[in-house]
Amino acid sequence: MNPVQIEVEAAEAGFDPQRLARVDRHFARYVEDGKLPGWQLLVSRGGRIAHLSQHGMRDVAGGRPVERDTVFRIYSMSKPITSVAAMMLHEEGAFELTDPVADFLPAFAEPRVYTGGPARAPKTRPATEPIRIWHLLTHTAGLTYAFHHLHPVDELYRGAGFEFGMADHLDLAGCCDAWAGMPLLFDPGAAWNYSVATDVLGRLVEVVSGLSLDEFFRTRIFAPLGMSDTGFAVAAHDADRLASLYVADRTGRAKPHPQHERVQAAALAPPNAASGGGGLYSTARDYHRFTQMLLRGGELDGQRILGDRTVKYMTRNHLPGGADLESLAMGSFSEVANAGKGFGLGFAVIDDPAAAKVIASPGEFSWGGLASTAFWVDPVEDLTVVFLTQLIPSSTHPIRSQLHQLIYQALV
């Protein structure tokens, strides 16, 4: 495996080197102020890496710096990979996007919608629409996450052991059966709510392909793309490369995760349930290769993962009526920052940069992870950006919006 490295001078790629240096100075202050333990940034243009930097520590207590091969928890940056896996099967004719999920996962055959009452005694009614595969891909299924702490159904998820996605005592099939037995927040297709939908999609990939999600990812995506450091667990011989996980205190400063030893040890063992919604570990090099495949329309180095028309279809806004996330999202995701942003099949998509109040190009697609990681692909500028760090929650600092303004001001 070749180490990740700069492949083109910044000026040749269309960046002003002095302006690009602002990015590193800005985020170096995050480390010096104690807001982040450390970080890594990779920027490419025209398919070549033009900027690669890191600052701070992967493990503060141990004095171990972030290095080019540091392994990070990418959490929800797993979701685009799972969405790609599903669309690979769609390209093979395995299902239609309008197929009911219950055709493959029978537990979802009779969904019910919450209508009122506390979590201990919820009132429900039958859903007016089955959960379809496109609902999973677009987070419009009516499912939720326990960590939202916004709705009685969120509380039901917590009571069943799903505080941060998966329940430790269940495999993926068992998790899906449990979710299927809980009420939906709304009729499928009626609203947008960030949820375990992508984990259900991962189970659908298993049922349709006949492979475990781990095996499908490894053989059909990671091996062809050369993503040798990405998976649902970190090999024991790579344990030292794994960044430690941090949480924000009340002032926004990073402190070690309160269960640091358990969290680090858990990374070395395959999970009971492979979370396609948030369970992967990866490196800047590996995720860069994934973004390059997407930028190139589904192909990289002669390995075609998806057809280019499929990628274009996935990265357009699929929300009903062309709505943006501000108007369709429930709870904490209904924010001004999400005006002008739609959602495709596994990605947020910018329709209107002016409404989004962020310097970007129409058609840019992106997502991020719980530990403040982020990526985006801008086909107009032929640009990809990957930012990796390990601070929970991702809402602590305006990293993603600031990263946008600093990257685009450097393009000249």
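**View 1. Strands β7 and β17 pair in the parallel sense in this predicted model.** Strand β7 (residues 246-248) and β17 are joined over 2 bridges, where two strands count as paired if DSSP finds at least two bridges between them, and strands themselves are DSSP runs (E, at least two residues), numbered, like helices (H or I, at least four), from the N terminus. Within this pair, Tyr246 stands opposite Leu391 in β17. The two strands belong to an open sheet of 3 strands with the order β8-β7-β17 and mixed pairing, in which the edge strands β8 (254-256) and β17 (391-392) each pair on one side only.

**View 2. Strands β13 and β14 pair in the antiparallel sense.** Strand β13 (residues 348-350) meets strand β14 (residues 365-368) over 2 bridges, and the bridge partner of Val349 in β14 is Phe365. An open sheet of 8 strands, in antiparallel pairing, runs in the order β3-β2-β1-β16-β15-β14-β13-β12. Because β3 (64-65) and β12 (341-343) stand at its edges with a single partner strand each, one side of each is left without a neighbour in the sheet.

**View 3. Arg19 lies in helix α1 (residues 17-32).** The side of this residue is partly exposed, with a relative accessible area of 31%, where partly exposed lies between buried (under 20%) and exposed (over 50%), using a 1.4 Å probe and protein chains only.

**Notes.** Residues are numbered from 1 along each chain as its sequence is written. In this predicted model, local features need pLDDT of at least 70 and side-chain atom pairs count only at pLDDT 80 or more, while totals for chains, interfaces and linings use all residues, and side-chain values use heavy atoms, leaving out hydrogens and water.
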